[in-house]
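Subject: Structure handover

Dear colleague,

Please find the structure below, with the sequence alongside. My notes on what was found follow after it.

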Amino acid sequence: APTGHALRLLAFPEFLDNLLGKVVALKARLLAAIGLLKGVLGGNDPTDKIEAAVARLQRWRDRVASLRELLTDEDVTDF
C-alpha cells in the first residue's frame with residue numbers, strides 16, 4: 001500500500017494546477033500594472049522574468065505529472 005508521502009505526491013499535480021492557475025491570473029494582473037508603470041520603472045521591465053518564472057512552473061508541473069503517471073502505471077509499480 002502507498003505511504004502517506006506517496007499519496008501526497010500523487011495529489012501534487014492537482015495542487016500544482018491550482019497554483020499555476022492562480023499564478024497565471026496574477027501574472028496577467030502584474031503585466032497590466034507593469035504596463036501602466038513603465039514610465040516610472042524606467043528601463044527595468046520585469047516582464048521577461050515573470051514569463052520565465054511561469055514557464056519554469058509549467059515545466060515543473062509537467063515533470064510531476066509524468067512522475068504521477070509512472071507511479072500509477074500498474075505495469076511498473078506494485079501499489
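Is Asp62 buried, partly exposed or exposed? Asp62 is partly exposed, at a relative accessible area of 44%; buried stands for under 20% relative accessible area, exposed for over 50% and partly exposed for what lies in between, with a 1.4 Å probe and protein chains only.

Some notes on the basis of these values. The model is predicted, so local features need pLDDT of at least 70 and side-chain atom pairs count only at pLDDT 80 or more, while totals for chains, interfaces and linings use all residues. Residues are numbered from 1 along each chain as its sequence is written, and side-chain values use heavy atoms, with hydrogens and water left out.

Overall form

The chain has 2 helices and 0 strands; both kinds of element are DSSP runs numbered from the N terminus, helices being H or I with at least four residues and strands E with at least two. Along the principal axes, the C-alpha atoms fill a box of roughly 60 × 15 × 15 Å.

Of the 79 residues, 15% count as buried. The chain exposes about 6,100 Å², and carbon and sulfur atoms supply 59% of this area. Accessible areas come from the Shrake-Rupley method with a 1.4 Å probe, and for residues only the protein chains shown count as cover.

Contacts between the helices

A contact means heavy atoms within 4.5 Å. Among contacts between residues at least 6 apart in sequence, 63% join residues at least 24 apart.

Phe12 lies in helix H1 and is partly exposed, with a relative accessible area of 24%. Leaving aside neighbours within four places in sequence, Phe12 is in contact with Trp60 and Val64. Phe12 and Val64 are 52 residues apart in sequence, yet their C-alpha atoms are 7.4 Å apart in space.

Salt bridges

Side chains of opposite charge can pair when their charged atoms come close. The count here is 2 salt bridges, each defined as a side-chain nitrogen of Lys or Arg within 4 Å of a carboxyl oxygen of Asp or Glu.

One of them joins Glu51 and Lys27, with the closest N and O atoms 3.4 Å apart. This pair links distant parts of the chain: Glu51 belongs to helix H2 (residues 47-72) and Lys27 to helix H1 (residues 4-41), 24 residues apart. Glu51 is partly exposed at 33% relative accessible area, whereas Lys27 is buried at 17%. Not counting residues up to four places away in sequence, Lys27 touches Ile50, Glu51 and Val54.

In the other salt bridge, the side chains of Arg61 and Asp62 meet at 3.8 Å, N to O. Arg61 counts as partly exposed, at 23% relative accessibility.

Surface patch

Leu9, Leu67, Leu70 and Val76 form a nonpolar patch on the surface, with about 310 Å² of accessible area together. Patches are made of residues with over 30% relative accessible area and no salt bridge; like charges are joined within 9 Å, and nonpolar side chains (Val, Leu, Ile, Met, Phe, Trp, Tyr) within 5 Å. Leu70 is found in helix H2 and counts as partly exposed, at 43% relative accessibility.

Regards
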